[in-house]
Structure formats: C-alpha cells, structure tokens
Amino acid sequence: MSDLIIRNGTVIDGTGGPRFAADIAVVADRIVAVGDVSAYEPALREVDASGLIVTPGWVDIHTHYDGQATWDPDLAPSSVNGVTSIVMGNCGVGFAPARPDRHDWLIRLLEGVEDIPGTALTEGMSWGWESFDEYLDVLDGLAWTVDVGAQVPHAALRTYVMGERGADHQSEATDDEIQQMRVLTASAIRNGALGFTTSRTWAHRTSSGESIGTLRATADEVVGVAKALDDVGAGVIQLISDVYQSADDELVATELDLLGRIVEEVHRPLSFTVQQNDETPDRWRDLVGRIEGWTAEGADVRAQVAVRPIGVLLGLAATANPLRRCPTYTRLHELPVAERVAHLSDPATRADIVAEHAEVRVRDFPALIHAGFDRMYPLTDPPNYEPTPEDSVAGLAAADGVEPVEKMYDLMLAEEGGQLLYMPLMNYANGDLDDVREMILSEHSMFGLSDAGAHCNVISDGTFPTTAITHWTRDRTRGEQIDLEFVVHQQTQRTAAHVGWDDRGVVAPGYLADLNIIDHERLALKPPRLVDDLPAGGTRLMQLADGYVATIKRGRVIAEDGVLTGDRPGRLQRGAQPAPA
C-alpha cells in the first residue's frame with residue numbers, strides 16, 4: 001500500500017536523461033517506485049497524469065525570504081510556481097546574527113537592497129534571536145509550503161561583530177574581528193547554515209542611501225571569514241560583485257584577484273552573479289572563461305545566471321514610475337491609484353505633465369526610467385520576455401504617429417492604472433536573448449538570481465523557473481529553443497547538488513517526493529499584479545501561473561491548479577542532505 005500513486009505520466013527525472021513513461025508510488029515523504037508500482041497498490045490517493053509531464057520540484061537557491069519566512073508559511077510566488085525547496089540569505093543580506101540595537105538598521109538595509117517594505121518587516125518580524133544559531137532554532141519551529149535553507153549573510157555578521165563600524169564600507173576589520181566572524185560562521189555552519197554570502201556591488205544600499213558595509217571589505221576579511229567553511233568541512237560561498245558590470249578595469253582586476261584567492265584558499269563550492277550589462281556586454285564571457293580555468297584546476301565554481309532579462313516594472317502603483325519627476329504628477333503621487341487616474345485623465349493635467357516631462361534632466365539609471373522609451377514594453381498577457389523593438393513604447397508610438405511620451409502616458413492609464421511597463425536592464429544588451437541562451441548552456445553556469453521574496457514593488461523574477469520551461473522549451477520564436485530535459489535538470493538536480501541537497505531533484509526511488517505534475521502545453525505565466533498582503537498593508541508584485549496541475553512536497557499536495565491547498569509540509573533544512581542509499 002502507498003500514500004500516493006501518479007499514473008501514466010511522462011517522467012522527466014531531473015538527471016538530464018530522456019523522458020519516459022512511468023507510474024510513481026510514494027510512501028510518506030519518499031518516492032518508493034518508478035515504473036512498476038504494483039507492490040504498492042492500492043494507494044490512498046491516485047492522480048492520473050495522462051498527457052502530463054512529471055518532474056522533480058524546482059530548487060531555487062537564490063531567494064530573499066529571510067524576513068518573510070518568519071511570518072508567512074506560504075512563500076508565494078515560489079510555491080505556486082513549482083518550487084519545493086528554497087535557499088535564502090543570499091547577497092550578504094539577512095537578519096541574523098543581530099544585536100537588538102541593529103534591528104532597525106538591518107530592516108533599512110533589506111528595504112534598500114531588496115526593496116522589501118520596511119513597515120512590513122517591522123510589523124511582521126517578531127525576532128526572538130541574536131546569534132545565527134538561534135535564528136535557525138526559531139526557523140526550526142516553523143512550517144511552510146516548501147523546504148527552507150539559510151546562509152550566513154556577511155553584512156549582518158559584520159555589524160554584529162564590528163558594531164557601527166561594520167555598517168561603514170570604508171572601515172576595515174581588524175584581525176581579531178575577522179577571527180570572531182570566522183568563529184561565528186563556523187558555529188552557524190555546524191548548526192545547519194548552508195553557507196556564507198557577501199555583497200560587493202555599489203547597487204546595494206540602505207533605504208537612506210548608504211553603501212552596504214561589505215562593499216569594500218578587504219580580501220583578507222572575505223577570505224578569512226570564508227575559511228570557516230574549511231574549518232567545518234561544509235558549506236558553500238555565494239557572492240555578488242561589480243565584476244560583471246563595471247567598466248573600471250582596475251576594480252575588475254581587484255575583484256578577480258579576490259575570487260582567485262577564494263578559489264585557491266577556500267576549498268568549498270563557490271557561485272557568483274554573472275549577467276550581461278549594456279556597458280560591458282561581453283564581460284560575462286570573460287568571467288565564464290575564468291571559471292573554466294579555475295574548474296580545470298579542480299575548483300568547484302559556478303556562474304549564477306538568469307533565464308530571462310532582469311527587468312524593472314514601471315507603473316502608477318509600482319516603485320518605479322516614468323512620471324515621478326514631473327512636478328504636477330508629484331503633487332498627485334500620494335493619492336490612491338483610482339484618484340490619480342481620474343486626475344491624470346484630465347486634458348489640462350495631461351498637457352502640463354507632458355510638458356514637464358520634456359524639461360526633466362536626469363542621468364544614468366533615472367534617465368532610463370524617465371524616458372527610455374525604446375526599452376519600455378507594455379507587459380502583455382502572457383508576458384513576453386523577449387520583445388522586439390516594434391513592441392516598445394517607442395515602436396508603438398512610431399506606428400501610431402504620436403510622440404513616445406504620449407504613448408507612455410496612455411499606457412500608464414490603461415487597465416485603470418494597473419498596466420505595467422517592462423524594462424529589461426540586464427541580459428538584453430543586443431535586444432534579444434541569444435547571449436542568455438549561451439549563458440544557460442555553459443557547463444559552468446547554474447540557474448539562480450530569482451530574488452524571490454525581494455524587490456517587492458519593482459521586479460517580479462521569483463517566477464524564473466516557469467519562464468525557463470515556457471520560453472526556452474516551447475515558446476521562443478526569435479532564436480533556438482532548449483531541450484526540456486536540460487532545463488528541468490538545471491533547476492532540480494543541478495541546483496540541489498550545488499548546496500549539498502542530494503536527497504532531492506531526481507524522480508527515483510529513495511528521493512524526496514517533491515514533484516510537479518505539469519500540463520506543458522498549458523503552462524503559462526500571468527502578468528504580475530500588485531497585491532497588498534504584506535504586514536502593515538505593504539504591497540508586492542504577485543505573479544501566478546496556469547498549467548501546474550499539482551505540486552507535491554514530501555508526498556503531500558501543496559498546490560492544485562495554481563491554488564495552494566493549505567498543507568505545509570516544508571521544514572528547515574539544516575546543512576547538506578545525503579543522497580538515498
């Protein structure tokens with residue numbers, strides 16, 4: 001007898017091997033048979049998967065649910081997009097370790113770096129820990145839809161040891177402080193932290209504009225702390241650096257030297273962000289080449305890459321808004337969206353704002369948000385993540401014979417002010433995804449960077465796993481597609497194995513019964529929409545999907561047809577998980 005049998009499915013087992021037809025039997029939280037399940041009949045529940053594919057649940061190793069996980073058991077949109085295991089604490093930011101007098105600073109840091117509303121964090125988090133070990137103990141008492149793993153964030157660790165100096169990116173840690181951070185990290189790894197993470201990018205700032213304290217941490221500090229993983233013989237290193245996007249050759253050389261030291265002196269798996277920047281569109285190839293060299297010398301290094309552009313969403317209710325710098329609009333900005341739309345629809349108000357828009361003088365990223373009309377695309381249903389120039393605001397305006405600012409204005413008012421404009425920032429330097437395909441297919445890359453749980457009002461990339469399936473294996477028309485077996489492997493066994501979770505990511509006897517039953521032809525993302533379900537009425541972008549017939553976590557159905565069932569079998573995963581015997 002078994003708890004669940006899935007009949008007649010087409011299995012894509014996560015290993016990268018060819019698909020095959022099979023039944024699957026589950027007892028408790030494990031797969032017990034694939035193929036002949038007669039020894040486990042009857043089952044308490046049967047699911048007919050005729051015409052459907054069955055895969056492992058997705059394993060997302062780059063999320064930022066660190067605060068949300070303390071109050072939200074559902075962890076959507078991950079849980080309604082086929083994800084069954086997540087890793088948080090990425091990019092050096094998180095909420096542990098934390099002395100009581102640093103709570104507000106950590107909230108400002110996450111609000112700035114990851115665009116998580118500070119009011120939601122303040123109201124939602126009850127704390128109850130100081131050390132990272134205590135944070136793990138708090139998490140261990142919670143249940144979620146998915147399994148959760150946590151990493152030690154450098155920024156929180158630094159301020160815990162160094163106090164106010166740790167928040168200053170120009171302050172250097174002393175040898176004694178580096179040793180203290182190393183000891184604390186080793187303790188956290190022993191108690192189940194998955195690794196150590198850090199950030200070295202100018203883009204990471206607190207909500208008040210201060211650079212993250214780890215921005216210019218010395219190589220001695222980063223390597224010294226990371227050596228804690230060697231001390232314990234466990235854990236992974238994850239970091240983000242400006243190495244992929246800076247045009248400053250001296251800075252790039254410094255960052256590459258740091259990465260080289262980590263590879264040479266810390267003998268644990270390493271991954272770091274690799275994307276395509278407009279100013280340095282081929283730098284990512286240099287980085288993959290460097291990884292190839294380190295790998296040839298025996299190191300375990302991966303480029304974390306995204307499966308679509310990293311895109312900001314613009315709109316009246318979003319954080320980013322092309323009208324925001326116009327004085328007339330600024331006076332309306334605090335009104336509810338419906339009232340703003342009413343005012344903005346007035347011809348006199350429209351004329352004033354359009355005139356003011358032309359007078360605004362800004363540079364760099366703000367200029368792109370304000371008037372990058374050739375990079376703004378109306379978000380369609382389903383979303384198109386590889387749009388053409390003709391699809392842009394500039395292209396649509398030219399087709400209609402109007403000025404781009406006029407077209408943008410009209411689009412902003414569409415759907416009662418709910419229309420969003422998609423602006424690809426990274427991975428779209430050439431206006432298509434051919435380079436992203438090359439990144440994805442590199443043997444040295446690994447799917448990551450979804451940032452699920454973060455960028456609540458400006459980016460909706462927690463749905464990367466669904467895009468990976470729909471766009472790359474079925475819908476792409478502007479270039480070559482990718483085999484479904486390859487994509488499934490990349491977001492199941494490959495990501496799971498990198499963090500040491502060898503008990504999942506494969507459909508085979510003995511593995512965790514983490515499964516997706518998918519209608520491949522019907523699978524589709526819906527456009528993201530702003531919802532106000534965070535504590536204190538905080539808003540976030542929520543993106544749902546059609547075509548996930550069922551998502552199963554530890555043998556229990558957590559979602560059916562995109563709707564959560566209320567079952568929450570997910571638990572904290574302390575450290576590496578061994579493969580089935």
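## R504, a buried arginine

In this predicted model, R504 has a relative accessibility of 2%, so it counts as buried, the cut-off being under 20%. You'll find R504 in the loop between α18 (493–498) and β18.

What does R504 touch, once its neighbours within four places in sequence are left aside? The contacts are V59, S85, D147, A496, Y511, L512, D514, K553, R554, Q573 and Q577. For a sense of scale, take P327: it sits 177 residues from R504 along the chain, and the two C-alpha atoms are 54 Å apart.

β18 pairs with β5 (residues 53–56), running antiparallel to it through 4 bridges. In that pairing, V54 is the residue opposite I517. β18 also pairs with β23 (residues 548–553), again in the antiparallel sense and over 4 bridges. There, N516 faces T551 of β23.

## A parallel sheet of six

Elsewhere in the model there's an open sheet of 6 strands, paired in parallel and ordered β9-β10-β11-β12-β13-β17. Which strands sit at the edges? Those are β9 (152–153) and β17 (445–447), each pairing on one side only.

P153 has T197 of β10 as its bridge partner. Helix α8 (residues 283–296) packs on this sheet, where it touches β12 (270–273) and β13 (301–305). The direction of α8 makes about 155° with that of β13.

## Helices α11 and α14

Two packed helices are described by the angle between their axes and the distance between the axes. For α11 (residues 347–359) and α14 (residues 404–417), the axes come within 11 Å and cross at roughly 130°. That angle is why the pair is called oblique, and the crossing is right-handed.

On the α11 side, the meeting residues are T349, R350, I353, V354 and H357. Across from them, α14 brings V405, E406, M408, Y409 and D410. Sorted by class, this contact has 5 nonpolar, 2 polar and 3 charged residues.

Notes
Residues are numbered from 1 along each chain as its sequence is written. This is a predicted model: local features need pLDDT of at least 70, side-chain atom pairs count only at pLDDT 80 or more; totals for chains, interfaces and linings use all residues. Side-chain values use heavy atoms; hydrogens and water are left out. Axes are lines fitted to C-alpha atoms, for helices over the stretch in contact, and angles run from 0 to 180 degrees between N-to-C directions. Helices (H or I, at least four residues) and strands (E, at least two) are DSSP runs, numbered from the N terminus. Angles under 35 degrees count as roughly parallel, over 145 as roughly antiparallel, 65 to 115 as roughly perpendicular and the rest as oblique. A crossing is left-handed if the near helix is turned anticlockwise from the far one by less than a right angle, and right-handed if clockwise. Contact means heavy atoms within 4.5 Å. Ala, Val, Leu, Ile, Met, Phe, Trp, Tyr, Cys and Pro count as nonpolar, Asp, Glu, Lys and Arg as charged, and the others, Gly among them, as polar. Two strands pair if DSSP finds at least two bridges between them. Buried means under 20% relative accessible area, exposed over 50%, partly exposed in between (1.4 Å probe, protein chains only).
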